[in-house]
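Hi there,

I'm passing a structure over to you, with some notes on what turned up in it. Could you have a look at it first and then read on?

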Amino acid sequence: MFNTLRTGFYGMNTPPRIGTVHQLSFEVKPEHTISFEGLPPVLSTPWLVWFVEHAALELVKPYLSDNELTVGTLIELDHQAPALEGQQVSCKARLILIDGNALTFQCEASCNGRTLSRGLHKRQIVDRERIRRRLESLK
């Protein structure tokens, strides 16, 4: 369905195949929730984004060389349904495109068979030392 584009590709000796999926699950804890007056606490959108991003991050980690890491550059996520404190949420990232050093993932989160969110996430492969120097210059 999706093709790998190799123009200007660098890094990752053997990149993951298009369609590779990584899934992570977590229990919604009190620190992951937001409360609205008169309603039970629910999973907050910032935490949902954090877990979805980590599903993509963990997918590519095994393919990176020691001098590489990935940074998130874009997230478009529709938060469509709630999850209550104590419920199990599953986040899935599927690699759909490699364009140079940019990776695009189709993401989804679900709880008890219900879709909580869907969207896209992009990550960029960067040189670890180069990003370290850039961050140091910000101090």
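**Salt bridges**

E129 is partly exposed, at 35% relative accessible area (buried means under 20%, exposed over 50%, and partly exposed in between, with a 1.4 Å probe and protein chains only). Before going further, please note that this is a predicted model, in which local features need pLDDT of at least 70 and side-chain atom pairs count only at pLDDT 80 or more, while totals for chains, interfaces and linings use all residues. Residues are numbered from 1 along each chain as its sequence is written, and side-chain values use heavy atoms, leaving out hydrogens and water.

How many salt bridges are there? The count comes to five, where a salt bridge is a side-chain nitrogen of Lys or Arg within 4 Å of a carboxyl oxygen of Asp or Glu. In one of them, R132 meets E129 with N and O 2.5 Å apart. These two are three residues apart in helix α2 (residues 128-137), which puts about one helical turn between them. (Helices are DSSP runs of H or I with at least four residues, strands are E runs of at least two, and both are numbered from the N terminus.) E129 also pairs with R133, where the closest N and O atoms are 3.8 Å apart. R133 and E129 are four residues apart in α2, again separated by about one helical turn. Through their shared partners, the salt bridges join E129, R132 and R133 into one network. Both arginines are partly exposed: R132 has a relative accessible area of 40%, and R133 has 46%.

Another bridge links E108 and R118, with 3.4 Å between the closest N and O atoms. E108 is in strand β6 and R118 in strand β7, so this pair ties together parts that are 10 residues apart in sequence. E108 is partly exposed at 27%, and R118 is partly exposed at 44%.

**Inside the fold**

The largest nonpolar core has 27 residues, and F26, V89, C91 and F105 have the most contacts inside it. (A nonpolar core is a set of buried Ala, Val, Leu, Ile, Met, Phe, Trp, Tyr and Cys residues joined through side-chain atoms within 4.5 Å.) The elements giving two or more residues to this core are β1 (21-27), α1 (45-60), β5 (88-99), β6 (102-111) and β7 (114-127). Which element gives the largest share? That is α1, with seven residues. As for C91, its contacts (heavy atoms within 4.5 Å) include F26, F51, V52 and A55, and also E108, leaving aside residues up to four places away in sequence.

T70 sits in strand β4 (residues 68-79). With 6% relative accessibility, T70 counts as buried. Its side chain makes a polar contact of 2.8 Å with that of R123 (a pair of N or O atoms within 3.5 Å; within protein, one must be able to donate a hydrogen and the other to accept it, and residues adjacent in sequence count only if both atoms are side-chain atoms). Leaving aside residues up to four places away in sequence, T70 touches L57, V60, L64, L103, R123, Q124 and I125.

**On the surface**

I34, F36 and L39 make a nonpolar surface patch of about 290 Å². (Such patches take nonpolar side chains joined within 5 Å, from residues with over 30% relative accessible area and no salt bridge; areas come from the Shrake-Rupley method with a 1.4 Å probe.) L39 lies in the loop between β2 (33-34) and β3 (42-43). L39 is exposed, with a relative accessible area of 55%.

Best wishes

Terms used
Patches are made of residues with over 30% relative accessible area and no salt bridge: like charges are joined within 9 Å, nonpolar side chains (Val, Leu, Ile, Met, Phe, Trp, Tyr) within 5 Å.
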